[in-house]
Amino acid sequence: MPVGGAVSAQLGSTPIVVSQPSAGTVVAFSAVCTHAGCTVAPQGSEFDCPCHGSVFDGTTGDVINGPASTPLTKLTASVSGDKVTVTQ
């Protein structure tokens with residue numbers, strides 16, 4: 001995953017998104033949109049919801065554009081070498 005990029009993944013059966021805002025730093029969020037429960041997808045440095053157009057910041061999970069009004073749920077993420085570990 002390049003710096004400034006993000007990927008979609010699964011944590012068990014839960015869809016998540018993981019991004020790398022700076023070298024060696026990773027953040028992870030639930031990929032479930034807080035508006036209507038659709039799955040968001042990485043689009044550059046943002047996470048976009050295909051259902052109603054909500055856009056979330058890829059570094060903080062904060063809402064950039066509604067209709068969602070609540071940020072994505074943040075998860076605990078760490079990196080060791082080339083392995084990323086995410087937990088709730």
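**Close-up views of a predicted model**

View 1. Gly4 sits in the segment before β1 (6-11). Strands (E, at least two residues) and helices (H or I, at least four) are DSSP runs, numbered from the N terminus. The model is predicted: local features need pLDDT of at least 70, side-chain atom pairs count only at pLDDT 80 or more, and totals for chains, interfaces and linings use all residues. Residues are numbered from 1 along each chain as its sequence is written, and side-chain values use heavy atoms, with hydrogens and water left out. Gly4 is partly exposed, at a relative accessible area of 39%. Buried means under 20% relative accessible area, exposed means over 50%, and partly exposed lies in between (1.4 Å probe, protein chains only). Leaving aside neighbours within four places in sequence, Gly4 is in contact with Gln20, Pro21, Gly44 and Ser45. Contact means heavy atoms within 4.5 Å. Gly81 is 77 residues from Gly4 in sequence and 18 Å away in space, C-alpha to C-alpha.

**View 2. Gln20 in strand β2.** Gln20 belongs to strand β2 (residues 14-22). Gln20 is buried, with 13% relative accessibility. A polar atom of the Gln20 side chain lies 3.1 Å from the backbone nitrogen of Gly24. A polar contact is a pair of N or O atoms within 3.5 Å; within protein, one must be able to donate a hydrogen and the other to accept it, and residues adjacent in sequence count only if both atoms are side-chain atoms. Not counting residues up to four places away in sequence, Gln20 touches Met1, Pro2, Val3, Gly4, Gly5, Thr25 and Val26.

**View 3. Val26 and its neighbours.** Val26 is placed in strand β3 (residues 25-30). Its relative accessible area is 10%, so Val26 is buried. Beyond four places in sequence, Val26 touches Met1, Val18, Ser19, Gln20, Pro21, Ala77, Ser78, Val79 and Val84. Met1 is 25 residues from Val26 along the chain, and the two C-alpha atoms are separated by 9.8 Å.

**View 4. A nonpolar surface patch.** Met1, Val7, Val79 and Val84 make a nonpolar surface patch of about 270 Å². Patches are made of residues with over 30% relative accessible area and no salt bridge; nonpolar side chains (Val, Leu, Ile, Met, Phe, Trp, Tyr) are joined within 5 Å, like charges within 9 Å. A salt bridge is a side-chain nitrogen of Lys or Arg within 4 Å of a carboxyl oxygen of Asp or Glu. Areas come from the Shrake-Rupley method with a 1.4 Å probe; for residues, only the protein chains shown count as cover. Val84 is found in strand β9 (residues 83-87). Val84 counts as partly exposed, at 34% relative accessibility.

**View 5. Ser30 in strand β3.** Ser30 lies in strand β3. Ser30 counts as buried, at 12% relative accessibility. A polar atom of the Ser30 side chain is 3.1 Å from the backbone nitrogen of Val32. Setting aside neighbours within four places in sequence, Ser30 is in contact with Pro15, Ile16, Val17, Leu72, Thr73 and Leu75.

**View 6. The disulfide between Cys38 and Cys51.** A search of the whole structure finds one disulfide. The term covers a pair of cysteine sulfur atoms within 2.5 Å. Cys38 is joined to Cys51, S to S 2.0 Å. The torsion about this S-S bond is about -105°, so the disulfide is left-handed. Cys38 lies in the loop between β3 and β4 (41-43), and Cys51 in the loop between β5 (46-48) and β6 (55-57), so the pair ties together parts that are 13 residues apart in sequence. Cys38 is buried at 17% relative accessibility, whereas Cys51 is partly exposed at 39%.

View 7. Cys33 is buried, with a relative accessible area of 4%. Cys49 counts as buried too, at 6% relative accessibility.

**View 8. Ala68 in a loop.** Ala68 lies in the loop between β7 (63-65) and β8 (74-80). Ala68 counts as buried, at 5% relative accessibility. Not counting residues up to four places away in sequence, Ala68 touches Cys33, Thr34, His35, Ser54, Phe56 and Val63. Val84 is 16 residues from Ala68 in sequence and 28 Å away in space, C-alpha to C-alpha.
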